[in-house]
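Biologist: Could you walk me through this one, and tell me what stands behind each term as we go?

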Amino acid sequence: AVLAEGWGWAPHPTVPTAPAGQRGVPAPTLHLPLGAFDNRRFVLWSTDGFPELVNGRGSFVPRQFVTLMRPVVTFPDARSVGLLRRLGVRSVVVHPDFRQRTAVSGAGLRRLGLVRERRAGVLVYLLR
């Protein structure tokens with residue numbers, strides 16, 4: 001069976017390409033949304049340069065990660081931004097294809113000390 005698979009008789013899955021806009025963002029980085037499937041994709045994409053990634057979890061969900069998941073669901077708001085700053089997170093990459101759009105205005109972002117950049121395929125929030 002192993003030899004048959006190696007010969008290419010079985011179809012191989014396609015690996016989704018990482019959005020170009022996430023390259024070079026300040027690390028450590030949190031990628032949103034935090035669903036299990038999405039986290040695996042973000043961890044796979046992090047092999048391109050191995051930036052520090054908050055989403056770096058495997059098959060089980062550590063208690064610390066669950067503690068992080070609840071407040072960041074509402075990102076960007078004061079509670080989630082404060083928590084991310086305390087953890088040392090420098091940027092948040094939102095993948096709009098996988099998540100609902102956020103309605104925070106430019107004034108709200110400035111009040112939270114965030115800068116939002118639209119980059120190829122993603123929204124990047126820089127925590128200052």
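Modeller: Gladly, starting with how elements get their names: helices (H or I, at least four residues) and strands (E, at least two) are DSSP runs, numbered from the N terminus. H31 sits in strand β1, residues 29-32. This is a predicted model, where local features need pLDDT of at least 70 and side-chain atom pairs count only at pLDDT 80 or more, while totals for chains, interfaces and linings use all residues. Residues are numbered from 1 along each chain as its sequence is written, and side-chain values use heavy atoms, with hydrogens and water left out.

Biologist: Which elements does the chain have, and in what pattern?

Modeller: There are five helices and four strands, and along the sequence they follow α-β-α-α-α-β-α-β-β.

Biologist: Why is H31 called buried?

Modeller: Buried means under 20% relative accessible area, exposed over 50%, and partly exposed in between, using a 1.4 Å probe and protein chains only. H31 has 6% relative accessibility, so this residue counts as buried. Across the chain of 128 residues, buried ones make up 38%.

Biologist: What makes the pair H31 and H95 a polar contact?

Modeller: A polar contact is a pair of N or O atoms within 3.5 Å; within protein, one must be able to donate a hydrogen and the other to accept it, and residues adjacent in sequence count only if both atoms are side-chain atoms. The side chains of H31 and H95 make such a contact at 2.9 Å. For contacts in general, the criterion is heavy atoms within 4.5 Å. Leaving aside neighbours within four places in sequence, H31 touches Q22, F42, L53, N55, V93 and H95.

Biologist: Why is G56 called exposed?

Modeller: G56 has 57% relative accessibility, so this residue counts as exposed. G56 lies in the loop between α2 and α3, and the C-alpha atoms of G56 and H31 are separated by 9.9 Å. F50 belongs to the loop between α2 and α3 as well; with a relative accessible area of 62%, F50 is therefore exposed.

Biologist: Which peptide bonds are cis?

Modeller: One joins A27 and P28, with omega about 0°; P28 is in the loop between α1 (2-6) and β1. Another runs from F75 to P76, with omega near 0°, and P76 is in the loop between α3 and α4.

Biologist: How do you know that α3 and α4 meet, and which residues make the contact?

Modeller: Axes are lines fitted to C-alpha atoms, for helices over the stretch in contact, and angles run from 0 to 180 degrees between N-to-C directions. The axes of α3 (residues 63-72) and α4 (residues 78-86) come within 8 Å and cross at roughly 145°. L68, P71 and V72 of α3 make the contact with R79, S80, L83 and L84 of α4.

Biologist: What makes something a pocket, and what volume does the largest pocket have?

Modeller: On a 1 Å grid over the protein atoms alone, a pocket is an open set of points where a 1.4 Å probe fits, with protein on both sides within 12 Å along at least five of seven lines; lining residues have an atom within 4 Å of a point. Grid points are joined across faces, edges and corners, and a volume is the space filled by probe spheres set on the points. The largest pocket has a volume of about 210 Å³. Its lining has 11 residues, and the closest to the centre are V54, Q64, F65, L68 and L87.
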